[in-house]
Amino acid sequence: MNNINIKAQDIKSLKEITAPINEDIHLFRKELKDSLRSEVRLINILAKYMMMRRGKQIRPFLTIFSAHICGEPTANSYRAAAMIEMLHAATLIHDDVVDEANLRRGWATLHKKWKNKLSVLMGDYILSKSLINMIKLKDFEVLELISGTAEQMSSGEILQIEKKIRKSVSEKLYYDVISRKTASLFSAACELGSVTTTNNLEERKAMKDFGQNFGMAFQIKDDLFDWLSRESDIGKDVAHDVKKSVITLPYIHSFRTLKKSDQKRMNTIMRTKKKTPQIISELRNLIEKGGGFDYARKKIDDFSNNAMVTIKTYEDSSYKKSMVDLLVFNAHRTK
């Protein structure tokens with residue numbers, strides 16, 4: 001498969017894609033559940049609420065697939081997968097508080113249900129548990145990798161706030177932000193799968209690059225959802241970035257291609273504090289006119305195809321095919 005643009009009937013469900021690692025997923029989820037367990041009853045209640053509303057868990061699945069492609073998964077592979085999911089969960093909890101988001105995966109966010117203080121503390125608890133998992137791996141390279149990833153994710157969020165203040169964002173700066181805040185964790189997830197099964201540096205780099213490109217495609221897809229989806233489709237607040245004046249790729253490209261009068265109107269809308277559905281609809285139409293949505297879709301394909309190239313030298317297997325199928329799934333997912 002050389003291109004992500006395939007027929008709709010060829011797109012597999014996540015359940016079909018992960019079939020080759022069903023047993024591994026069971027071991028990963030047990031590790032995750034055990035890692036989150038606490039003697040504090042309220043923590044267990046919050047953890048159970050989160051576990052019942054888990055997302056797609058693509059990142060830990062990538063860790064497991066990478067481990068299989070590079071060797072044979074070990075206990076450390078499942079610990080690493082759990083650590084990746086915990087780091088992701090802690091980030092989401094903190095993000096929801098900062099963004100004042102009400103919905104996550106179709107359910108009330110922790111801060112909406114239990115208020116900010118308890119949500120932040122739960123996020124801190126999960127982060128500390130992920131660090132404990134990291135220490136259990138007894139590998140300084142892993143410590144360096146995860147520490148660096150956590151730093152990249154935090155700096156990416158802060159950079160996004162900084163660029164929002166500037167009100168002027170280039171495509172290059174946008175890629176820098178999503179590389180840090182999203183792709184870095186995808187990259188670490190894949191690299192950890194390799195690190196826990198092989199000492200081969202070339203394989204480690206291949207997995208890292210696969211995750212980096214996948215993560216870029218994943219975030220651009222999410223940014224498209226913010227413009228084009230309904231709340232009932234994606235299970236979280238829609239047009240959230242738009243309302244908060246966060247500038248993403250569709251806007252950046254359209255602003256660059258539209259005439260001056262349209263650019264001026266886009267700027268006016270983005271500076272408007274209270275964005276009504278009518279105003280958001282007008283901005284959406286301008287972005288459509290400027291080709292921003294089509295451009296974002298093209299970039300998803302570009303990054304996805306780049307990811308495919310990084311694993312083309314590996315022998316064909318059900319695990320390799322599933323990693324490619326995950327790229328296709330992301331490019332065509334509806335939530």
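**Reading the interior**

Guide: At 0% relative accessibility, serine 66 counts as buried. This is a predicted model, and the values discussed here are computed from it. Serine 66 belongs to helix H4, which spans residues 58-70.

Visitor: What does the side chain of serine 66 reach?

Guide: The side chain of serine 66 comes to 2.8 Å from the backbone oxygen of leucine 62. Leaving aside residues up to four places away in sequence, serine 66 also touches Cys190, Gly193, Ser194, Met207 and Met323.

Visitor: Which residues does serine 254 touch, not counting residues up to four places away in sequence?

Guide: Serine 254 touches Met266, Leu286, Ile287, Gly290, Gly291 and Gly292 on that count. A polar atom of the serine 254 side chain lies 3.0 Å from the backbone nitrogen of glycine 292. Serine 254 sits in helix H12 (residues 249-257) and is buried, with a relative accessible area of 0%.

Visitor: Where is threonine 197 found?

Guide: Threonine 197 is in the loop between helix H8 (171-195) and helix H9 (201-228). A polar atom of its side chain lies 3.0 Å from the backbone oxygen of glycine 193. With residues up to four places away in sequence set aside, threonine 197 touches Ala67, Cys70, Gly71, Glu72, Pro73 and Ser77.

Visitor: How should I read a nonpolar core, and which residues have the most contacts inside the largest one?

Guide: In soluble globular proteins, nonpolar side chains tend to be buried together. The largest nonpolar core in this model has 46 residues, and those with the most contacts inside it are Leu62, Met122, Ile126, Phe210 and Phe214. Apart from this core lies another, of 34 residues, including Leu159, Ala239, Val242 and Ile280. As for phenylalanine 210, its contacts beyond four places in sequence are Leu62, Cys190, Ala307, Thr310, Ile311, Met323 and Leu327.

Visitor: How many aromatic pairs does a search of the whole structure find?

Guide: The search finds eight aromatic pairs. Phenylalanine 186 and phenylalanine 218 form one that is tilted, with 5.0 Å centre to centre and 45 degrees between the planes. Phenylalanine 186 lies in helix H8 and phenylalanine 218 in helix H9, so this pair ties together parts that are 32 residues apart in sequence. Phenylalanine 186 is buried, at a relative accessible area of 0%, and phenylalanine 218 is buried as well, at 6%. Ring pairs link Phe186, Phe210, Phe214 and Phe218 into a cluster.

Visitor: Which residue lies over the face of phenylalanine 218?

Guide: Arginine 333 does, at 4.1 Å from the ring centre. Elsewhere, lysine 113 lies over the face of tryptophan 114, at 5.5 Å from the ring centre.

Visitor: How many disulfides does a search of the whole structure find?

Guide: The search finds zero disulfides. Cysteine 70 is in no disulfide, and the nearest cysteine sulfur, that of cysteine 190, is 9.4 Å away. The cut-off makes the reasoning plain: a disulfide requires sulfur atoms within 2.5 Å. Cysteine 70 is buried, with a relative accessible area of 10%, and cysteine 190 is buried at 0%.

Visitor: How should I read backbone angles, and what is the phi of glutamine 57?

Guide: Most residues other than glycine have a negative phi. Glutamine 57 has a positive phi, near 60 degrees, and is a residue other than glycine. Glutamine 57 is in the loop between helix H3 (41-52) and H4. Lysine 138, also not a glycine, has a positive phi of about 55 degrees, and is located in the loop between helix H6 (110-136) and helix H7 (140-166).

Visitor: Is each of these two residues buried or exposed?

Guide: Glutamine 57 counts as buried, at 5% relative accessibility, whereas lysine 138 counts as exposed, at 75%.

Terms used. Residues numbered from 1 in each chain as written. Predicted model: local features only at pLDDT ≥ 70, side-chain atom pairs only at ≥ 80, totals over all residues. Heavy atoms only, no water. Core = buried A, V, L, I, M, F, W, Y, C linked by side-chain atoms within 4.5 Å. Buried < 20%, exposed > 50% of the residue type's maximum accessible area, 1.4 Å probe, protein only. Contact = heavy atoms within 4.5 Å. Helix = DSSP H or I, 4+ residues; strand = E, 2+ residues; numbered from the N terminus. Polar contact = N/O pair within 3.5 Å; in protein donor to acceptor, adjacent residues only side chain to side chain. Phe/Tyr/Trp six-rings, centres within 6.5 Å; stacked < 30°, edge-to-face > 60°. Lys NZ or Arg CZ within 6 Å of the ring centre and 35° of its normal.
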